[in-house]
Amino acid sequence: MPRLPPVTQAIHILGIAVVMSSIVMVNLRFLGVGVPSQNVSEMIQRLMPWTWWALLLNALTGLLFVVARPVRYFYNPVFGIKFSLLVPAVVFAFVVYWLNRREMGFWERTLVRRLAARLIAAVSLLLWIGVVLAGRWIAYFDYLFVPEF
């Protein structure tokens, strides 16, 4: 059992890498910065399933962290910040995926949709970066601020 925390952390970090790489690739494509030769709809179709599986994996490993040390998480304000950023980030990702799945090429059809995709991508990138930073800060918050009980 003593090996469980490092293994769980490693799996969680790998899940974060998968989520971030798939989300960043799609968002950079929306912004016209990354992989201009790639069709955005095909990229969404190919990469977003990886996002969903990795998010599920991260939810399971994250739950293990919380169960193992509930006080560290429930009394840590950064934990709340992380989830206040995570929820809209996941919602944006789901909307992008769902609209593209409903209508292939959805984001490329009109100028308004392309502009909306750029706005979503910019906000999404900021949210996901915030999620990752807050996730790391959770581990160090109690070293800097002693909780009062």
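This is a predicted model: local features need pLDDT of at least 70, side-chain atom pairs count only at pLDDT 80 or more; totals for chains, interfaces and linings use all residues.

Residues are numbered from 1 along each chain as its sequence is written, and side-chain values use heavy atoms, with hydrogens and water left out.

Q: What is the volume of the largest cavity?
A: On a 1 Å grid over the protein atoms alone, a cavity is a set of points where a 1.4 Å probe fits but cannot get out. Points are joined across faces, edges and corners, and the volume is the space filled by probe spheres set on them. The count of cavities of 30 Å³ or more is 1, and the volume of the largest is about 60 Å³.

Q: Which helix gives the most to the lining of the largest cavity?
A: Lining residues have an atom within 4 Å of a point; here they include Ile23, Phe30, Phe92 and Ser124. Two or more residues come from each of helix H1 (4-30), helix H4 (77-102) and helix H5 (111-144), where helices are DSSP runs (H or I, at least four residues) numbered from the N terminus. With 4 residues, the top contributor is H1.

Q: Which helix gives the most to the lining of the largest pocket?
A: A pocket is an open set with protein on both sides within 12 Å along at least five of seven lines. The largest has a volume of about 1000 Å³ and 34 lining residues, with His12, Gly62, Phe65, Tyr73 and Lys82 nearest its centre. Supplying 10 residues, the leading helix is H2.
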